[in-house]
Amino acid sequence: FMRRRNTEKLSDILGQVLKQNHLDEKLYETRVLKSWSVVLGENVMKYTTNMYFSKKKLYVTLTSAVLRQELFITREEIRNSLNNYVGFPVVKEIVFQ
């Protein structure tokens, strides 16, 4: 048996493939969308009707104008919390609608 000397972890190889095909950012965006209720709580989730990414901006549609204003004021803190939660600076800006 010949043993390969340049062995790599499967997770490293998958990471490289995702990055080369620009899929890593989509993966992080999906993680952000899934983490919304964890980071902001179930109460905020009740008023969230839609979320999507476009050009590194996270668009969030809310049914409460009062909550929209409150979250708008703390949007930088929310952005930092979401990015920290997923471990990658994927959210550049949050737009509340």
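Predicted model: local features only at pLDDT ≥ 70, side-chain atom pairs only at ≥ 80, totals over all residues.

Biologist: How many residues has helix H5, and what distance does H5 reach?

Modeller: Helices (H or I, at least four residues) and strands (E, at least two) are DSSP runs, numbered from the N terminus. The expected span of a helix is 1.5 Å times one less than its number of residues. H5 (residues 75-86) has 12 residues and reaches 17 Å from its first C-alpha to its last, close to the expected 16 Å.

Biologist: Which residues of H5 are buried?

Modeller: Buried means under 20% relative accessible area, exposed over 50%, and partly exposed in between (1.4 Å probe, protein chains only). An α-helix has 3.6 residues a turn, so residues three or four places apart point the same way. In H5, the buried residues are Ile 78, Arg 79, Leu 82, Asn 83 and Val 86. They fall within an arc of 130 degrees, taken from the directions from the helix axis to the C-beta atoms, so they line one face of H5. The face turned away carries the exposed residues Glu 77 and Asn 84.

Biologist: Where does Lys 55 lie, and is Lys 55 buried or exposed?

Modeller: Lys 55 lies in the loop between strand S1 (48-54) and strand S2 (57-62). Lys 55 counts as exposed, at 79% relative accessibility, and has a positive phi of about 50 degrees although it is not a glycine.

Note on methods. Residues numbered from 1 in each chain as written. Heavy atoms only, no water.
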